[in-house]
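Reader: I have a sequence and a model on screen. Walk me through the packing, please.

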Amino acid sequence: MEIVQIAAVILFLSIAFITDMKFQIIPNWLTLSSITAAFIYHLSIGGGVGTAAAGAAAGFFPLLLLYLARGIGAGDVKLFAALGSWIGVWTVLQLMLYSILYAGAIGVCLIVINRAFGKRFAAGAVAMLGPASGGRKLQWLQWAQSGKKFPFMLAVVPAAITVWSMMS
């Protein structure tokens, strides 16, 4: 992978992680601008639209099934389409596999830990990370105590690190 692609993906994932953690949403402007930039990049290096389109489709369609089963949000589906347009079919499929495995591991941990303890643990973790949450500590404490689903980006980031460490 080229340095431009690596930098773009790191920037994209960083912004997606921050917005998902702060607002529990991955905005359309972010995914659309990332896909557009990827298409422009691939055209400029001679890779063509087909490379970006194949990667976007590989990232989009499998996760669309998870979205329809209410396993993930629509922003996560568009996130993987954007990632696929940058990194290609096989890498996005690997990233998807590891993200699902990490999400499963997180889910198992949440099930194993008794629900009340899990809520207190999540609230404590949020309280410790509060200064990094941009003044939204109360909102995150309420989320942690409500027992809602965790942001999928908590699984995507370690999956990205795993995939890129295997590529080196």
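**Core and surface**

Author: Leu13 touches Leu79, Leu83, Met153, Val156 and Ala160, leaving aside residues up to four places away in sequence; contact means heavy atoms within 4.5 Å. This is a predicted model: local features need pLDDT of at least 70, side-chain atom pairs count only at pLDDT 80 or more, and totals for chains, interfaces and linings use all residues. Residues are numbered from 1 along each chain as its sequence is written, and side-chain values use heavy atoms, with hydrogens and water left out.

Reader: How many residues are in the largest nonpolar core?

Author: A nonpolar core is a set of buried Ala, Val, Leu, Ile, Met, Phe, Trp, Tyr and Cys residues joined through side-chain atoms within 4.5 Å. Leu13, Leu79, Phe80, Leu83, Ile87 and Leu95 touch the most other members here. Helix 1 (3-23) and helix 8 (153-167) are among the helices that each supply at least two residues of this core. The core's residue count is 31.

Reader: Is Tyr67 buried, partly exposed or exposed?

Author: Buried means under 20% relative accessible area, exposed over 50%, and partly exposed in between (1.4 Å probe, protein chains only). Tyr67 has 35% relative accessibility, so Tyr67 counts as partly exposed.

Reader: Which helix holds Tyr67?

Author: Helices are DSSP runs (H or I, at least four residues), numbered from the N terminus; strands are E runs of at least two. The protein has 8 helices and 0 strands. Tyr67 is found in residues 48-68, which is helix 3.
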